[in-house]
Amino acid sequence: MISATNQNFCDILNDMPKPLRTLIICIIAEILNFFTCDIFYHVLNIPLFFDTIFTVAVVFYCGLIPALCVSVGYNLINSLIWICREGVTDPFIFFYTICGILIVLSTWLFARRKEEFKISPPITILYLVLIALLSSLCTIISSGIIDYFHYIYYDVPDMMNPIKTFTESFVQHRFSLLLSCILAQIPISFADRCIATFAGYGIYRLAERLIDRRQK
């Protein structure tokens, strides 16, 4: 029953005009980003973000602009959730949109040549590792700088930032706050980018196989 339902849904998507199909895929990706983040971070208490897996998939499947919309939309909605649910009026939450945009751009630099990913499994892995490295570098620097100003002007709740404990540890060892914010990003951001990149690409290949199978 579930398999048949999935097949019918994919058939419906496949028959839609491309703009409408892209819009629906982006909405689904947005919902699933919140779902995975909520499950892994808030429920399982894993100190990673898990909020860009489906954004990465959209980069591969739909391209740059749809993925940017998903990324900006996620951060906007997330900011509103913090305001409405937790009563946190913190403008720096939305500033992390910069990190999401950089992740999308760094992923797209390679994803736009996605046909090359299919040359061989080693080539695929190499490209994905390069994406993970570049996107994690962008995240480490941009998030570290944002965290620095975030800590200066606001009292950041523990549940808002899984990197806070690492940052405070570096500060206690007499590192400057800016350097502490950047260094604390390295283990979390690198692990998160590796997982999101490989998982996002896998989801893209699955979507390509299910939705576009009539065209092959």
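1. Packing of H6 against H7. In this predicted model, helix H6, which spans residues 97-111, and helix H7, which spans residues 121-153, have axes that come within 9 Å. The two axes cross at roughly 160 degrees. Angles over 145 degrees count as roughly antiparallel, and H6 and H7 are therefore roughly antiparallel to each other. The crossing in which H6 passes H7 is right-handed.

2. Residues of that contact. On the H6 side, the contact is made by Ile98, Cys99, Leu102, Ile103, Ser106, Thr107, Leu109 and Phe110. H7 contributes Tyr127, Leu130, Ile131, Leu134, Ser135, Cys138, Thr139, Ser142, Ser143 and Ile146. By class, the residues of the contact of H6 with H7 comprise 12 nonpolar and six polar residues, with no charged residue.

3. The largest nonpolar core. This core holds 30 residues, and those touching the most other members are Val58, Phe60, Val104, Phe117, Leu128, Ile131 and Tyr201. At least two core residues are supplied by each of helix H2 (18-43), helix H3 (53-62), helix H4 (64-86), H6, H7 and helix H9 (177-211). H3 gives the largest share, seven residues.

4. Surroundings of Phe60. Which residues does Phe60 contact, once its neighbours within four places in sequence are left aside? They are Thr107, Ala111, Lys114, Phe117, Leu128, Ile131, Tyr201 and Tyr204.

5. Not counting residues up to four places away in sequence, Ser71 touches Thr55, Gly100, Ile101 and Val104.

6. Overall composition. The protein chain has nine helices and zero strands, so that its elements, read from the N terminus on, are α-α-α-α-α-α-α-α-α. Of its 216 residues, 44% count as buried. Among contacts between residues at least 6 apart in sequence, 70% join residues at least 24 apart.

Conventions. Residues numbered from 1 in each chain as written. Predicted model: local features only at pLDDT ≥ 70, side-chain atom pairs only at ≥ 80, totals over all residues. Heavy atoms only, no water. Axes fitted to C-alpha atoms, helices over the stretch in contact; angles between N-to-C directions. Helix = DSSP H or I, 4+ residues; strand = E, 2+ residues; numbered from the N terminus. Parallel < 35°, antiparallel > 145°, perpendicular 65-115°, else oblique. Left-handed = near helix turned anticlockwise from the far one by under 90°. Contact = heavy atoms within 4.5 Å. Nonpolar A, V, L, I, M, F, W, Y, C, P; charged D, E, K, R; others polar. Core = buried A, V, L, I, M, F, W, Y, C linked by side-chain atoms within 4.5 Å. Buried < 20%, exposed > 50% of the residue type's maximum accessible area, 1.4 Å probe, protein only.
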